[in-house]
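Please keep the sequence and the three-dimensional view at hand while reading.

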Amino acid sequence: MIALVKALWAVFLHAFKKRATIEYPENKAYCAPRWRGRIVLTRDPDGKERCVGCYLCSAACPVSCIALQCAEDETGRRYPKFFRINFSRCIFCGYCEEACPTYAIQLTPDYEMSEYNRQNLVYEKEDLLIRGQGKYHGYNFYRVAGVSIGGKGKGEGENEQPPIDVRGLAD
Amino acid sequence: MSDTLVMVCTIAGVLGAVLTAASLLIWGERRLLALWQDRLGPNRVGPLGLAQVAADVIKILTKEDWVPPFADKPVFVLAPMIIMTTTLLSFAVICFGPGIVVADLNVGLLFFLAMSAMGVYSVVMAGWASNSKYPLLGALRAAGQMFGYEVFMGLSLMGVVMCAGSFNLREIVLAQRSLWFCVPQAAGLAIFLIAGFAETRRLPLDLPETENELVAGYHTEYSGMKFGMFYVGEYVGIVLVSSLITVLFFGGWLGPWLPGVVWFCIKTVFFVCFFVLCRATLMRPRYDQLMSFGWKVLLPLSLVNLLVTAAVVLARGGR
């Protein structure tokens, strides 16, 4: 009986405690930079698309909400011809970000993406592409990759030496 | 003629006030529960969220009013009406202030006990007519619980009747001029409070409902305004029991400075809030625990209370 009265009093005292509620549209909860929210496609420091259309994100996606088609420009640089994320299926697991070898696909702390029309949740490349580099600054895949593309031959990347003619060594 | 007019005005006023209070409880209970759970509760619609009441009423009125094909239709429809009728009828004998009473019955308290016993029919009929398992289990529990608490609820109030020497609620209030009955009848108050929880089927004694065991208990199959009547009927029941506690144990309208009705409202609102606080705090006992507690502890306790009160009243020369 005394325990019950004590419990009632303890609960009553909660009337004077700080509220746990965050009144949403006016105040928002803090989202850490690593919060897994709306997915974006980033650009490298030169302002070009980072995505090289390797399909790894699409393969890693557990709900198959990423669809893309790879293409190559005249310099040999790969890019996605279309890149489509169906956010009505996306579960924001972040596997695509982990799978991406070029830091192209990234999750952001934005979560306010409700729509009245379900079809509007299908984001195309122009909806996904942002102007900046996202969370990883200064990274440019083609500058550190060994492949040659137009304007950059083999061995001209960062921390690279000109290729050695292995046949010449035999002389 | 003017007597009739006064009567009609009183009835309309009491009905209006009680139903307003009950529907405000839709909002009030959620705000109070939120207050004690470190939340805010509904505060968006209208000032302080008060228009939530209107929003909920509109919502529940526009819902499909569906009777399951397997249900016993006439009984199914009748059940929610009975609970509203009996609880609202009980307000007829409650005196809200000096002279503000619909029916100044000389057996007012007995009338309340009769009506509360009738109210259980509603729950049992609802559970039975629903013709499915969870409502039936809820109705069984309601019937069993009724046997458990109805006896000691009546007995716990007899102490008050002895002290006041009357079943009339107005005379019971007037008998508390020198001392509220919550002091000499503290045991009776505690027992009646527990019976009140069972009577209104509120947590901690909401065994006929037990939403985590029996879906929604006896009103599982109900929807639309029929469910709304059970819902509002429960709140009317809370207001009823709170006002009865006020009348029987806390001096009704008696109090300094303020007019009687205001005192009555303050006291009643206090007990309504206490009901919500208990819901926020206490856990539900198991079914057999409630039964054995009722029969083995509260019934003997109320009998002892009755004997002691009778002895004291007799020793002081009786009434």
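The notes below treat one chain as a whole, then the contact between two chains, and then a sheet. The model is predicted. Chain B has ten helices and zero strands, while chain A contains an open sheet of three strands.

**Overall form of chain B**
- Along the sequence, the elements of chain B follow the pattern α-α-α-α-α-α-α-α-α-α.
- The radius of gyration of chain B is 20 Å, which agrees with the value near 20 Å for a compact globule because that value applies to 319 residues.
- Along the principal axes, the C-alpha atoms of chain B fill a box of roughly 65 × 45 × 45 Å.
- Among the 319 residues of chain B, 44% count as buried.
- Of the contacts in chain B with a separation of 6 or more, 77% are between residues 24 or more positions apart.

**Contact between chains A and B**
- Chain A contributes eleven residues to the contact, and chain B contributes eleven residues.
- The side of chain A that touches chain B consists of seven nonpolar, two polar and two charged residues.

**The sheet in chain A**
- The strands of this open sheet have the order β2-β3-β5 in chain A, and their pairing is antiparallel.
- Strands β2 (66-72) and β5 (122-123) of chain A are the edge strands, and each pairs on one side only.
- Strand β3 (residues 78-86) of chain A runs antiparallel to β5(A), and two bridges join them.
- A:Asn86 has A:Val122, in β5(A), as its bridge partner.

Notes:
Residues are numbered from 1 along each chain as its sequence is written. Chains are lettered from A and ligands numbered from 1 in the order in which they are written. This is a predicted model: local features need pLDDT of at least 70, side-chain atom pairs count only at pLDDT 80 or more; totals for chains, interfaces and linings use all residues. Helices (H or I, at least four residues) and strands (E, at least two) are DSSP runs, numbered from the N terminus. The radius of gyration is taken over C-alpha atoms; the globule rule is 2.2 Å times the number of residues to the power 0.38. A residue is buried if 20 or more other C-beta atoms lie within 10 Å of its own, exposed if 12 or fewer, and partly exposed in between; C-beta atoms are placed from the backbone. Two residues are in contact if their C-beta atoms, placed from the backbone, lie within 7 Å. Ala, Val, Leu, Ile, Met, Phe, Trp, Tyr, Cys and Pro count as nonpolar, Asp, Glu, Lys and Arg as charged, and the others, Gly among them, as polar. Two strands pair if DSSP finds at least two bridges between them.
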